[in-house]
Amino acid sequence: MRFESLILDRYGPFLKQELAFDPAPGRINLLVAPNSGGKSVLRRAFGDLLFDIPERSPMAWLYGTQNMRLSARVRDEAGGFTLVRRKGRGNTLSDGAEAVPSETLRRLLGSADRRLFEDLFALDSHLLREGGLELCRSSGRLGDMLLAGSGGLGRVQRLLDKLLADRDAIGRAERRHEARPLWRANAEAIEAGRALQQAALRPEAFVALEKRAAEAAAALDALRAEREAVDAAHAALATLRAVRPWLARRDAARTVLADAGEVPRLELGFEVRWRRALEAHAAAASA
């Protein structure tokens, strides 16, 4: 399978970037860009197109994932076709109209997976450094030969000796020595764990406290009900105190009415007519 083009939509720092390639067999396409020009982004884009965009892709930092697309025009023995990869779940690879069957993708990739792709076709400085560290850790003849051939074996050996000395100063895992920082910190951690267990609340103590809390809550509810009853009685007494003078006046009026029981009752409006008559009488006397 050979690439004829690659289009990045809202991917990494690119709003839309299209690259054209020469798919002729044996032809090498070389991309040159300064630092931070997007070379690592393009390398990742090839892997995401072929093997799916991760759920938390670091390429979504600028435009998000909603409209992220990777499109490519590829060619194999059967001819040319289009691949479109979107961000999502399930089968996210299509030919622009319909989903690409998994059998077709297996035919294109064979047994290759993302790890194999990165090891063979996506080497960068980070992976090269990791490979060098694995060679140093292996201590095998192949690593020694490669380092000796590059003239770096002496420096690497001195570095390894220094790291071993630093490790022994901190404390070797297979040799317990309380004076070493590693084992001193380990003893402190064990002692702290024991103190935590002793300070932790036991289940029976927790149950007792929970029972006491329930009893206190019930007593508080009873006191609140009693207080509500007292408040209601106090409000009733305050009302009686406010109307007491009016009740006294009512009782006095009832006493007066009782003493004047044989006095004839005057009809309504008599007082007004009586005062008018007095005024008329005074006016007549004057005349």
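Modeller: A patch is made of residues with over 30% relative accessible area and no salt bridge, with like charges joined within 9 Å and nonpolar side chains (Val, Leu, Ile, Met, Phe, Trp, Tyr) within 5 Å. Accessible areas come from the Shrake-Rupley method with a 1.4 Å probe, and for residues only the protein chains shown count as cover. A salt bridge is a side-chain nitrogen of Lys or Arg within 4 Å of a carboxyl oxygen of Asp or Glu.

This is a predicted model, in which local features need pLDDT of at least 70 and side-chain atom pairs count only at pLDDT 80 or more, while totals for chains, interfaces and linings use all residues. Residues are numbered from 1 along each chain as its sequence is written, and side-chain values use heavy atoms, with hydrogens and water left out.

Colleague: Which residues make the nonpolar surface patch?

Modeller: Leu237, Leu240, Val243, Trp246 and Leu247 make a nonpolar patch of about 510 Å². Val243 belongs to helix 8 (residues 203-259); helices (H or I, at least four residues) and strands (E, at least two) are DSSP runs, numbered from the N terminus.

Colleague: Why does Val243 count as partly exposed?

Modeller: Buried means under 20% relative accessible area, exposed over 50%, and partly exposed in between (1.4 Å probe, protein chains only). Val243 has 33% relative accessibility, so Val243 counts as partly exposed.

Colleague: What makes Asp52 and Arg85 a salt bridge?

Modeller: Their closest N and O atoms are 3.9 Å apart, and the cut-off is 4 Å. Asp52 lies in the loop between helix 1 and strand 3 and Arg85 in strand 4 (residues 79-86), so the pair ties together parts 33 residues apart in sequence. Asp52, at 24% relative accessibility, is partly exposed, whereas Arg85, at 4%, is buried.

Colleague: How many salt bridges does the structure hold?

Modeller: The structure holds 15. Another of them joins Arg273 to Glu267, at 2.4 Å from N to O.

Colleague: Why is the pair of Phe3 and Phe46 called edge-to-face?

Modeller: Rings of Phe, Tyr and Trp (its six-membered ring) pair if their centres lie within 6.5 Å; planes under 30 degrees apart count as stacked, over 60 as edge-to-face and the rest as tilted. By this rule there are 3 aromatic pairs. The ring centres of Phe3 and Phe46 are 5.0 Å apart and their planes stand at 85 degrees, so this pair is edge-to-face. Phe3 is in strand 1 (residues 2-11) and Phe46 in helix 1 (residues 39-51), 43 residues apart. Both are buried.

Colleague: Why is the pair of Phe51 and Phe117 called tilted?

Modeller: The centres of Phe51 and Phe117 are 5.9 Å apart and the planes are at 50 degrees, so the pair is tilted. Both Phe51 and Phe117 are buried.
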